[in-house]
Amino acid sequence: MPTWTLRVDEAAQIIDKHGLATIVEGPRSIYVWPSQIFRMLARYTADQNEYIVVKKRDGTVEHVPGPCVRYHDPIMMENVFVMSATALDANEVLVIYRYDTESQKVSRRIQHGPCIYFPAANEWLHTFVWHGNDPNNKTRKIPGVHTFNKLRVIPDQFYYNCEEVRTKDDALLTVKVMMFFEIRDIETMLNQTTDPIGDFINSLQADIIAFASQVTYEEFVESSSKLNQLECYKQLVERTKKVGYEVTKVINRGYHTTDRLQKLQDQAVEKRSKLKVAMDTEQQQQDLTDYKLHNEQQQSAIKQALELDSAKHQYQLQKSQLLHTIKLTNEQQLEVLEREKAKKLSELYSQRAADEEKLAHYANLKKLGVDLTSYFVSQNPKPEHIIRVITDGADSESAVHIHP
């Protein structure tokens, strides 16, 4: 009778002669009878980021989240395999569908990250199939290239070249733009569209074609900066709102046209550049001349101000000198007048003293009984001759000459 030894991580199935199967797990030793069937079972292990899918022969499916261990029982199980759980970051979500066996209805829910999602047996994930980048050209979008389950809910952007855009004068252009967008309502997006990127591209192309069809090539070149404004993308803004998104910005990255038209455009740009350089040079010369004239005017004004200040200073000096001279002259005149006044006063005082002395003398004479009249007559004798000139008044200007 053979003996089998099972280790700690092993299991075996023993089937007796009646067809009854028994699973034995190690560690242990087993005695197997010749009438029994012995077979080792495959072991499946799942860690904390995995789960085990057990598909049973009765059609039921069981999902066992890890960490766990399952042995493949070939009698009860049709298949066993290990699957990886879905790890979500903080900016990712999953759209999960669940089938309810009782109500036989399917419900939908949104699982936000961060988390690790282990699906139940009656759950499955929504698969998004959108336009994706051409592997050889990131500005070209191909339908159905981008397939994924995890939906990013952070602001995103993509490059796109809008080809075969015709202007009013039938010039063929390729307009290059960059679009920034952000999802606002996931439920609206799921209900309204299956490919929002495709909707964005169609709306974006429609708006650019509508803008270009209203202007000529020259007008488009001059007004292409308007493509940086959301007002030019009415269909795009309206469509993004309907599908639960918001377009935040559209940047015009430029444009290019056919080689022939581009060559003409380059020649025109070169010519305009030369004219602009010449104009800038002339403008710089004019600015330099204006600057020199302005500096000369400033210098002239400063010189005039200095001359005026010097003249005012000279005037003030002359005025001060003149006032000083007048003051000295007045002082000298006052000094002369004071001396003359003192002299006159001295003379008056002397005359007065003499008069007082005469009066005193005359008074003394009078006291002595001297006849003052006779005295005065004796002091002033009578003249020897008296000449009298009588005119009739007819000729008042007639002169009289007397000769001795």
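Helices (H or I, at least four residues) and strands (E, at least two) are DSSP runs, numbered from the N terminus. The structure is a predicted model, in which local features need pLDDT of at least 70 and side-chain atom pairs count only at pLDDT 80 or more, while totals for chains, interfaces and linings use all residues. Residues are numbered from 1 along each chain as its sequence is written, and side-chain values use heavy atoms, with hydrogens and water left out.

Strand β12 spans residues 92-100 and contains Y99. Y99 is partly exposed because its relative accessibility is 31%, where buried means under 20% relative accessible area, exposed over 50%, and partly exposed in between (1.4 Å probe, protein chains only).

The largest nonpolar core comprises 40 residues; such a core is a set of buried Ala, Val, Leu, Ile, Met, Phe, Trp, Tyr and Cys residues joined through side-chain atoms within 4.5 Å. Among the elements that each supply at least two residues of this core are β12, β16 (128-134), α1 (186-192) and β21 (245-257). Helix α2 provides the largest share, seven residues. The residues with the most contacts inside the core are L151, M189, F200, Y233 and Y245. Apart from residues up to four places away in sequence, Y233 touches V177, L204, D207, I208, L227 and V250, contact being defined as heavy atoms within 4.5 Å.

Helix α5 covers residues 259-367 and includes Q285. Q285 has a relative accessible area of 44% and is therefore partly exposed. A distance of 79 Å separates the C-alpha atoms of Q285 and R98, which lie 187 residues apart along the chain.
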